[in-house]
Amino acid sequence: MRNSFSLSKIIVLLFALVLVCCSKDDANDVAFRYGMSQFQVDFRAKETIPAPSINWPDEIGSFALKTPVQGLKIDETTGSIAVDRDLSLGENKVTVIAQSGTQTWETSLTVTSVMKYSFWVGGRNHNPDSDVVEYNSILQLYADGTLEIELIDNPDSKGVGVWSIDDNIVQLWLCTYCSDEDPQQVPQSDEHSYFEGVMENDILDAKISGAWYVVRFDPDSTIQYGNFIFEWD
């Protein structure tokens with residue numbers, strides 16, 4: 001009789017252990033995700049990524065970014081993410097943590113800032129040792145990698161070219177007074193202007209600044225003529 005009672009107790013204990021383990025597994029099995037894993041926003045646009053879906057196991061918890069990302073701020077209560085003007089151009093990897101008590105869950109998404117079209121005002125000088133620039137030019141950058149440039153109040157000066165950005169380094173290949181040229185052919189032309197600068201982007205403004213050169217293939221030469229600045233308008 002004593003052996004039978006002990007066996008019953010063991011069976012009950014094993015059953016209780018199984019229930020506890022299963023309840024823990026259920027607690028950890030939490031669906032936590034945003035509507036999409038890839039979000040695209042316009043450069044310097046203010047937008048909001050909607051709140052994620054999550055089935056909290058017990059008490060409702062809070063949200064946080066695992067690593068801070070410039071230009072992104074998360075609502076700790078809802079998990080929605082505000083996108084501000086200083087989000088970096090290109091892909092921004094984001095990991096969000098949800099926490100309830102001692103339990104945490106993570107989900108990841110990518111927020112990509114794209115420059116579909118942008119309008120810049122600035123100019124260039126002819127002195128490599130000076131950063132003083134007259135703002136007399138309009139620069140337009142397009143999503144397909146082409147650009148247009150012209151001197152203010154001088155429509156005959158309209159030119160074309162191409163642009164690219166790698167991290168925060170911007171490169172422009174262009175010519176003025178050549179509106180009829182194929183923009184893609186400008187980098188291969190015998191003489192054109194080449195601009196290379198750094199893009200700075202904050203809440204108040206965006207700016208591209210650096211040096212510009214005249215590129216000639218015959219004779220082969222790359223000469224720095226001065227510096228340039230273009231500001232987001």
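## The largest pocket

Let's start with an opening in the surface of this predicted model: the largest pocket holds about 160 Å³ of space. Its lining is made by G123, R124, H126, N136, S137, I149, L151, S157, T176, Y177, F195 and F230. Two elements, β10 (117-124) and β12 (146-151), each give two or more residues to that lining.

## An open sheet of four strands

Next, have a look at one of the sheets. Here 4 strands come together as an open sheet, and their order is β2-β9-β8-β5. The pairing among them is mixed. Because β2 (38-42) and β5 (62-65) stand at the edges with a single partner strand each, one side of each has no neighbour in the sheet. From one strand to the next, the twist averages 30 degrees.

For β2 and β9 (residues 103-114), the sense is parallel, and the pairing runs over 5 bridges. To find this pairing in the structure, look for D42, which stands opposite V114 in β9.

## The chain as a whole

Stepping back, you will find 1 helix and 17 strands in the chain. Of its 233 residues, 40% are buried. The chain exposes about 13,900 Å², and 51% of that area is supplied by carbon and sulfur atoms.

How much of the contacts with a separation of 6 or more comes from residues 24 or more positions apart? Such residues account for 50% of those contacts in the chain.

Methods. Residues numbered from 1 in each chain as written. Predicted model: local features only at pLDDT ≥ 70, side-chain atom pairs only at ≥ 80, totals over all residues. Heavy atoms only, no water. Pairing = 2+ DSSP bridges. Axes fitted to C-alpha atoms, helices over the stretch in contact; angles between N-to-C directions. Buried < 20%, exposed > 50% of the residue type's maximum accessible area, 1.4 Å probe, protein only. Contact = heavy atoms within 4.5 Å. Areas by Shrake-Rupley, 256 points an atom, 1.4 Å probe, with all protein chains shown as cover. 1 Å grid on protein atoms, 1.4 Å probe; cavity = no way out; pocket = protein on both sides within 12 Å on 5 of 7 lines; lining within 4 Å. Points joined across faces, edges and corners; volume = space filled by probe spheres on them.
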